[in-house]
Amino acid sequence: MTNVQWDTKIIDGLLVENGRIVKGTIYIKNGEIAAIAQEDTLGEAKEVIDAKGLHVLPGLIDTHVHSRDPGPTYKEDFYYSSQAAAAGGITTILEMPNTTPPVSDVESFDNQVANLSGKAHVDFGLWGICVGDLNKKDIAPLHERGVIGFKFFWGYAVHAKTFQLMYNYKPGMEDVIPPFDDGEVYSMMKEVSKTGNLFAVHAENNHLIQAFTREVEARQGTSYDDLIQSRPELVEVTTVQSGIAMAKDLGTRLHILHVSSAGGVDAVKEAQEAGYPITVETCPHYLFLSDKDYDHVGPQMKVYPPVKYEKDQKRLWERVKDGTISHVCSDHAPHTEEEKDGELWSIPAGMCGVESLAPLLLTAVHDNRLLITDIARLLAEEPAKLHGIYPQKGSLQVGTDADFTLVDLQKSGTLKREELHSKSKVTAYDGFPLHGVPVRTIVRGKTVMKDGAIEGEAGYGQLVTPASSRKEAALS
Ligand code: DOR
Ligand code: ZN
């Protein structure tokens with residue numbers, strides 16, 4: 001096998017996969033991993049990437065990104081968010097469906113693929129939305145078309161025309177589809193269950209939110225703690241428990257999105273121990289922030305579900321480590337500086353995150369809270385398996401996409417909001433010290449970020465679907 005002309009080889013890296021770290025060289029041909037060897041003995045390549053001293057991870061995946069495109073693109077669009085992803089070491093974005101129009105049927109799926117393809121710096125998969133009777137008939141066709149999961153915004157009202165989320169909903173508002181009731185949720189879940197795809201929920205109970213909000217308003221509460229009190233742990237726990245009860249009944253693959261509380265994650269742990277296929281994710285803001293941070297971060301920290309207390313933060317770290325939480329994702333949800341710069345109760349929820357996801361978790365490796373093998377597990381292997389795109393994505397196996405994130409664990413830096421690549425710069429981590437940085441992002445053999453600079457072009461990124469992954473696995 002000597003003198004083979006590979007397109008690229010990545011030599012002398014520390015390859016991280018499946019809980020192991022081994023020194024090796026990766027050979028790339030036609031955008032795929034063509035061979036892996038311990039020493040660089042398999043011949044020459046047109047491009048040689050020296051990874052000495054670097055960790056080579058399977059390309060990292062952010063499963064939870066709201067790029068607002070199409071829709072309120074003044075906040076963000078895919079041209080920007082996919083650059084932010086590349087800059088932050090992310091090779092695949094799974095894009096949320098609450099766009100205008102939403103990804104609710106085959107036509108909007110196809111339009112979204114065309115829309116994002118022209119702007120994509122990294123690869124992407126698409127979530128489909130569940131909006132009750134409005135698209136029940138479209139669930140099976142959307143599944144066939146290749147959505148990586150179905151999202152249901154449990155507890156949210158949406159605007160009747162734009163389908164944008166109503167962040168501060170009150171019953172009686174006009175032009176609004178109110179939150180779905182349990183009967184409607186059950187029948188949506190039933191429809192998704194038939195496909196075998198994932199039914200993923202935002203888990204906050206609207207009736208409790210309304211009751212607690214009235215209490216807070218009665219005492220004229222305006223503090224951050226009042227915001228938590230309007231959406232406390234119980235709001236998450238009751239929805240998680242209802243979801244689990246329905247999923248048990250229907251045999252659904254239920255996924256709890258962005259869990260924020262000790263009670264919420266422990267309800268999932270209990271269901272997992274009983275043998276049910278319930279999964280759960282969390283986000284950096286629930287791991288790195290607590291109510292104590294509000295004084296210095298301010299309203300930019302408002303997200304739904306809200307960041308809660310240190311006891312929740314502590315439990316979530318435990319559940320990341322013990323594997324209850326399958327993966328960590330950003331919930332990248334940009335709004336403009338002006339929109340976030342208002343009164344805590346009326347501003348929208350959400351902040352940027354796709355670019356800071358990997359650097360923050362790598363900093364947890366430096367701080368001995370995680371191992372580098374956990375990063376591959378939490379940001380590549382488990383997300384890809386959950387969404388049916390493994391091993392095409394999320395692995396270092398021969399015959400799969402040559403997606404890699406090269407990491408320098410020795411490199412330190414500071415997160416600076418003005419350096420973020422998103423259109424919006426709303427972050428809770430301005431000035432946050434980072435130890436361990438993605439220094440190169442490679443998508444299907446092509447470098448799209450090197451030392452923080454974007455190298456790729458808009459339009460390079462491609463759609464990934466569970467079916468495309470099955471095809472690759474069969475060919476390999
Ligand atoms: O804070 C949030 N922002 N939570 C959500 O559930 C939605 C998101 C958004 O799209 O703005
Ligand atoms: Zn979200």
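**Ligand 1 and the cysteines**

A search of the whole structure finds zero disulfides (pairs of cysteine sulfur atoms within 2.5 Å). This is a predicted model: local features need pLDDT of at least 70, side-chain atom pairs count only at pLDDT 80 or more, and totals for chains, interfaces and linings use all residues. Residues are numbered from 1 along each chain as its sequence is written, chains are lettered from A and ligands numbered from 1 in the order in which they are written, and side-chain values use heavy atoms, leaving out hydrogens and water.

**Cysteines**

- The sulfur of C130 lies 18 Å from the closest cysteine sulfur, in C329, too far for a bond.
- C329 is buried, at a relative accessible area of 0%.

**Ligand 1: polar contacts (N or O pairs within 3.5 Å)**

- A polar side-chain atom of R68 is 2.8 Å from an oxygen atom of ligand 1.
- For H202, the distance from a polar side-chain atom to a ligand 1 oxygen atom is 2.9 Å.
- An N or O atom in the H335 side chain lies 3.4 Å from an oxygen atom of ligand 1.
- The protein covers 100% of the 290 Å² of accessible area (Shrake-Rupley method, 1.4 Å probe) that ligand 1 has on its own.

Methods. Polar contact = N/O pair within 3.5 Å; in protein donor to acceptor, adjacent residues only side chain to side chain. Buried < 20%, exposed > 50% of the residue type's maximum accessible area, 1.4 Å probe, protein only.
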